[in-house]
Amino acid sequence: MGIINNLKFIVDNNVGKLTKWLRMMGYDTLFFNGRDDAYMIATALAQGRVILTKDTQIVRRRLVTKGQLKVILIKNDEPELQMRQVIDTLNLNCQLSPFAICLECNQPLVKRSKEQVKDLVPPYVFQTQSQYMECPACHRIYWRGTHWQAMTKRLDKFR
Ligand SMILES: [Zn+2]
């Protein structure tokens, strides 16, 4: 089962692809729609989140220069290189935690028994999988199927 990591993030919409990567790794990660920088900064400060952005203006803010707020200024356009920068800067271990956080809505997942998901997953999944997690917000069910294997392969590249 996944572990929810201690670091928390808020991802600016100019580097939005990082959101799912970080959630796959078990990090509590908010996606910010990019409208109001002040709101993103206030949220990061109140919740102790690291800001990921390409916006050079944010890095110049006094809260950042004084070290009260951690911001990583992303330099590359390519999502995999962006992810590499985050991993290297924070020295993250690239442990995949696919059963920790909902990839869609950032909610911690809840364990479900096989019986509980019987009518919620395709029959072939029910027959072959024994471990399930459910998102309490969107009710998506997660299991170690082909999607999980694809995610593992992609994250392996960062190790
Ligand atoms: Zn969800």
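Student: What is the strand order in the open sheet of three strands?
Tutor: The order is β5-β6-β7, and the pairing is antiparallel. The strands at the edges are β5 (110-112) and β7 (141-142): each has a single partner strand, so one side of each is left without a neighbour in the sheet. Strands here are DSSP runs of E with at least two residues, helices are runs of H or I with at least four residues, and both are numbered from the N terminus.
This is a predicted model, so local features need pLDDT of at least 70 and side-chain atom pairs count only at pLDDT 80 or more, while totals for chains, interfaces and linings use all residues. Residues are numbered from 1 along each chain as its sequence is written, and side-chain values use heavy atoms, with hydrogens and water left out.

Student: How do you know that β5 is paired with β6?
Tutor: Count the bridges. Two strands pair if DSSP finds at least two bridges between them. Three bridges join β5 to β6 (residues 132-134), and these strands run antiparallel. For Lys111, the bridge partner in β6 is Met133.

Student: What makes Arg112 and Glu134 a salt bridge?
Tutor: The term needs a side-chain nitrogen of Lys or Arg within 4 Å of a carboxyl oxygen of Asp or Glu. Here the N to O distance is 2.6 Å, and the pair qualifies. Arg112 sits in β5 and Glu134 in β6, 22 residues apart.

Student: Are these two residues buried or partly exposed?
Tutor: One of each. Buried means under 20% relative accessible area, exposed over 50%, and partly exposed in between (1.4 Å probe, protein chains only). Glu134 has 10%, so it is buried, while Arg112 has 25% and therefore counts as partly exposed.

Student: How many salt bridges does a search of the whole structure find?
Tutor: It finds six. Among them is Arg49 with Asp28, whose closest N and O atoms are 2.9 Å apart. Arg49 is in the loop between α2 (37-47) and β3 (50-53), and Asp28 is in strand β2 (residues 28-31), 21 residues apart. Both Arg49 and Asp28 are buried.

Student: Why is it said that Glu80 and Lys157 tie together parts of the chain?
Tutor: Their closest N and O atoms are 3.1 Å apart, forming a salt bridge. Glu80 lies in helix α5 (residues 79-90) and Lys157 in the segment after α7 (146-156), so the pair joins parts 77 residues apart in sequence. Glu80, at 25% relative accessible area, is partly exposed, and so is Lys157, at 49%.

Student: Which residues coordinate the zinc ion?
Tutor: The SG atoms of Cys102, Cys105, Cys135 and Cys138 do, at 2.1 to 2.3 Å. Donors are N, O and S atoms within 2.8 Å of the metal (3.2 Å for Na, K and Ca); water is not among the atoms, so sites may look incomplete. The spacing in sequence is C-x2-C-x29-C-x2-C.

Student: Which accessibility class does Cys135 fall in, and which does Cys138?
Tutor: Cys135 has 0% relative accessibility, so it counts as buried, whereas Cys138, at 34%, counts as partly exposed.
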